[in-house]
Amino acid sequence: MPTPQLTPAAPMNKAAPSEYAPTVPGRVRPFAKTQQATPVWLRLILGRALAPTRVEFDAAVADLHIGDPAMDALLDWMVSYGLGPARQLFAQAITEGVERIDNCPEPLRAFFTEVDAPPDWLDWQLLSEGVGFIHGAGATALQVMRDLALMGGYLLSGFNQALVMTGALTKGTAKRVAETGKWWMDCTEIDGLRRYGPGFASTLHVRLIHAMVRRQLDSRDDWDHAMWGMPLNQIDMAATYLGFSVVMLGGLRKLGVQATSREARGVMMLWSYACWLMGVDT
């Protein structure tokens, strides 16, 4: 299906979520301003121009209006079922599998059937080598993750609007950093992202929390869809994982910790899979 051409919206043109049309949020740099010439050295590294094509630009803008359809649909069911009991079933499905749940509700079974089947592109050997590289980087990897990936990312207003409005940055910054660090360590354990591993479990718990925050913010009168798009949308979630992969690799390189080409691919494989588990359409 061709990507629809999107038209700019007035930055303060607030619309109800159910009425909102896929327009270009005010936070987005105009397409013309993205078309800067790519330095020759960077083009040689990338193998292409840095500037997006029109199709790529429109696809990215469209993703600013998409949350996590599978988890959002499951949360709709959980709310109708009773959020407390449904969360208990969700937690049991993570730790034991849906086959251990008597008369497992079909929405829960369908969701876990999807996440229990790894994508075709997943290479466990390569992922394991990425974990090994992170372990070999030791405390330096943690420092880069904390001081560059997290602290640097928190300075970017675009995808941090949800954190600001929920108070996660203004009232609970230390807790937020600690929780993210714990999740990062779970994902980077040996076999942490395997089924029943700590990274797998942590990622799905965070995915549910994201859906709950998205649902709450999406219905708030003070969430400006015309400026920010969907709360916790596909682009903002993907940008977070770039911090743990591309930004971390770049920061380590600046500090003298060099990854081989295969090690770098392993790190990208690790966070691509974590990103997929979190609900990003990779």
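How many aromatic pairs does the rule give? The count comes to twelve. Under that rule, rings of Phe, Tyr and Trp (its six-membered ring) pair if their centres lie within 6.5 Å; planes under 30 degrees apart count as stacked, over 60 as edge-to-face and the rest as tilted.

This is a predicted model: local features need pLDDT of at least 70, side-chain atom pairs count only at pLDDT 80 or more, and totals for chains, interfaces and linings use all residues. Residues are numbered from 1 along each chain as its sequence is written, and side-chain values use heavy atoms, with hydrogens and water left out.

Start with Phe111 and Phe112. Their rings form an edge-to-face pair, 5.4 Å centre to centre with 80° between the planes. Phe111 and Phe112 are both buried. Buried means under 20% relative accessible area; exposed means over 50%, and partly exposed lies in between (1.4 Å probe, protein chains only).

Now compare Tyr273 and Trp276. Their ring centres are 5.8 Å apart and their planes are at 15°, so this pair is stacked. Both residues are buried. They are three residues apart in helix H13, so about one helical turn separates them. Helices (H or I, at least four residues) and strands (E, at least two) are DSSP runs, numbered from the N terminus. Elsewhere, Trp183, Tyr241, Phe244 and Trp271 form one aromatic cluster.

Next comes the nonpolar core. This is a set of buried Ala, Val, Leu, Ile, Met, Phe, Trp, Tyr and Cys residues joined through side-chain atoms within 4.5 Å. In soluble globular proteins, nonpolar side chains tend to be buried together. The largest core here has 56 residues; Met78, Phe90, Leu108, Phe112, Ile134, Trp184 and Trp271 touch the most other members. Its largest share, ten residues, comes from helix H13 (residues 261-277). A second, separate core has seven residues, including Leu217, Trp223, Met227 and Leu232.

Helix H13 also meets helix H10 (residues 198-218). Their axes come within 9 Å and cross at roughly 45°. That makes H10 oblique to H13. Axes are lines fitted to C-alpha atoms, for helices over the stretch in contact, and angles run from 0 to 180 degrees between N-to-C directions. Angles under 35 degrees count as roughly parallel, over 145 as roughly antiparallel, 65 to 115 as roughly perpendicular and the rest as oblique. Phe200, Thr203, Leu204 and Arg207 of H10 make the contact (heavy atoms within 4.5 Å) with Tyr273, Ala274, Trp276 and Leu277 of H13.
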